[in-house]
Amino acid sequence: MKMNFKAIEKKWQKRWEDKKAFSAKEDSKKKKFYVLEMYPYPSGSGLHMGHAFNYTIGDILARFKRMNGFNVLYPMGYDSFGLPAENAAIKAGKHPKKSTDEAIKKYIKQQKTLGLSYDWNRILMSHDSEYYKWNQFWFLKFLEKGLVYRKKSPVNWCSKCNTVLANEQVLGGCCWRHEDTEVKIKHLEQWFIKTTAYANELLDCIDNLQWPDKIKTMQKNWIGKSHGTEIDFEVNGKKFPVFTTRPDTIYGVTFMVISAQHPRLMEFVTKEQKKEVERFLKKIKRVSQKSMKEVEELDKEGVFTGSYAVNPVTKEKVPVWAGNFVVADYGSGMVMAVPAHDQRDFEFAKKYNINIKVVIQPETYELDAKKMSRAYTGEGNLINSDKFNNMNNREAIIKITKFLEKNKLGRETIQFKLRDWLISRQRYWGTPIPVVYCNKCGIVPVPEKDLPVLLPMNVKFGEGNPLATNEKFVNTKCPKCGSKARRETDTMDTFFDSSWYYMRYCDNKNKKEPFDKKKVNYWMPVDQYIGGAEHACLHLLYSRFFTKALRDMGFVKFGEPFIKLFNQGMLHGEDGAVMSKSRGNVVLPEEISERYGIDTARLFLMSIASPDKDIEWSDRGIEGSSRFIRKVINYFDKVEIIKNVEARIESKLNKTIKEVTKDIECLRYNLAIIKIRDLFNSLPEKVSKDVLEKSLKLFHPFCPHITEELWEKLGNKSFITLEKWPIADEKKIDERFDMQEQAVKKLKSDIEQIKKLTGKKAPKVYVYVLPRELEIYKSVDGIKVFAVNDKNKYDPENKSKKAKPNKPAIYLE
């Protein structure tokens, strides 16, 4: 049978679309299942087989769940706002909307060629005003609840562009557009969302999530809850609280370090040190934008500010340094340094020749500050610590904290590494922030009835904040008093768009509200979320925050957005590198569809390894998958349909149904495919229609187009994709048949091994078995089988004497 794969694909894709086969509607009588891939950015370069790998994982599960009677929601949309589109527009001289719309059109076309069973009626695009209107709505709701505020924050600033730059736009300390212009750090008033208000709940609920352990650990570390003590140091006559988890070392403090990006840094810099500090700040650009982890990995550098801090316990004055390894908004942005007992502080003290003072002595030897080659971070007893001398340092943590509290010099506290979410972006291609600035009324929210605040089409790039260049957009009237006012020209971080999109899919056509509460509470939470581990600490954490905040405002009844999370592996090209256009090693779906059919690619991608493992593209591998699919097609062309089949086939089929069902449920697709291939390879030339149909159903989620075609050729009028998944009949499973099958496989393997050893390529093969095992082996093709007690057997070398239970003797001639 010859098949035009491309024609078959188009045929069934059109039929699915015409009949709305994958359209989802709420149905209280059916159990729902919501499967979703992470919101993709529609790159202008389109899809390659690495993307196909990701999307096929979700599609297989969606098809499987539909066939199992679930009401499946499987939507798709596009995270279409953001810096990449804006940068591309600047370089190409094309408006971001035009290039984004073109990219999405290309994406949809390619995704449809993959045979993905999305409900295309639920499509979303972040740059659609019908979507970002509700971003603005949520911003106003957060503002009402006190979850939004403004404060100064450091940003990368290009004086020639007169605008803020993202980290990606700073190259070698200079602007990406003006390579001769050094980037400066500037402190601007910006909008923040108070994610820290949910820090405890975000942390406490992690262990209940059915997510990979590594992702849960990453979130825990990112939230970073620490129990410690806040100690009040005095700097230039002003109290400055400093957080530490080691109050037992308070007597060993020999210097302080304030963040080089602290908004109050220059208050501590003396006239004599000003030039030195400014020179240092110029050297360490962009530290303001780094994460805690990135800051911890930096080479530790600093400069003396000229100021001194007073230790509240010893009353000693210690120098205050500015350092690149302290984060401005963790604690107060200043830390106490104890070089004798902290390795980072020790290295810094040695580098800048700062005093080291030992305050914890180990029990087995004595420390000498002058001879130390590294910090001592173990346990011991306190020395040089006044009334706390000889006390175990662990006990001293509690006692010294109580002493500080009693004398009003400090207090026990909890600190989080998690920081509030900076959502202001001084860029164009994003959601406008819905506030205006009035000289009389101050900051005024845009009324909900006036939403959306539309993103204007006409702006200029390279002349400051792009939105500020459109006077018609900027100049407006105050909603409160009617006086002249100006709009906010910052846009929202695009992570805001992707923090709630999964809820909008539940009711994407609603013009009156973000979603109908009944619909969102029916579909949510997402049952299976699929995406990369790189989103562990931003997208996934923001989505969890968003869900909890909306729950507390009464919009939803659930507290977590995603029940299960699956991290897919990466597809590598034949060169071993991750497949990407920039490396020139991509394989395009269109090319594969033309040569092999897209079902072949789907089968190959899922066959190589478990979907959570990295895999490598192989032309030889896809050829193997192609041969198997053609073998199945040819089998259906030649098979003779009969009414009854032997028990062996029924056993094989039902055991395969049982195991494949479990494998797909657990996303062990590669194992499921091995069993499906084995099933088809074992089907006889004459078999019942029931066996053929059930076998096709097992194969369908992996190869949807071919199975629909073969299903139709069997005389069926319905879609196989909407048929019921076969249920294993446990009574028909006979393990003896399985043991016999394994015995035959072992015999064939042994024959091949003997052929290799003897060098005989096409010999006559004679096999000798015990009488009771004759039935097991007599149907094996290409061999002559004798019972050992057969008087007429051909056995010139008397090999039959070597036959044992479950181990036939073999003779090649």
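A contact here means heavy atoms within 4.5 Å of each other. This is a predicted model, where local features need pLDDT of at least 70, side-chain atom pairs count only at pLDDT 80 or more, and totals for chains, interfaces and linings use all residues. Residues are numbered from 1 along each chain as its sequence is written, and side-chain values use heavy atoms, with hydrogens and water left out.

**View 1. The protein chain and its contacts.** Take contacts between residues at least 6 apart in sequence: 73% of them join residues at least 24 apart. The C-alpha trace spans about 110 × 75 × 55 Å along its principal axes. You can look for 24 helices and 34 strands (DSSP runs numbered from the N terminus: helices are H or I with at least four residues, strands E with at least two).

**View 2. Helix 17, a mostly covered helix.** Helix 17 covers residues 598-607, and nine of its ten residues are buried (under 20% relative accessible area, with a 1.4 Å probe and protein chains only). Among them are I598, R602 and F604. Across the protein chain, 55% of the 813 residues count as buried.

**View 3. A patch of negative charge on the surface.** Here E574, D575, E616, D619 and E623 gather. Such a patch joins like charges within 9 Å, using residues with over 30% relative accessible area and no salt bridge (a side-chain nitrogen of Lys or Arg within 4 Å of a carboxyl oxygen of Asp or Glu). Asp and Glu count as negative, and a charge is placed at CG of Asp or CD of Glu.

**View 4. D619 in helix 18.** D619 belongs to helix 18, residues 619-638. D619 counts as partly exposed because its relative accessibility is 36%, and partly exposed lies between buried and exposed, the latter being over 50%.

Notes:
Patch = residues over 30% accessible without salt bridge, like charges linked within 9 Å, V, L, I, M, F, W, Y side chains within 5 Å. Areas by Shrake-Rupley, 256 points an atom, 1.4 Å probe, with all protein chains shown as cover.
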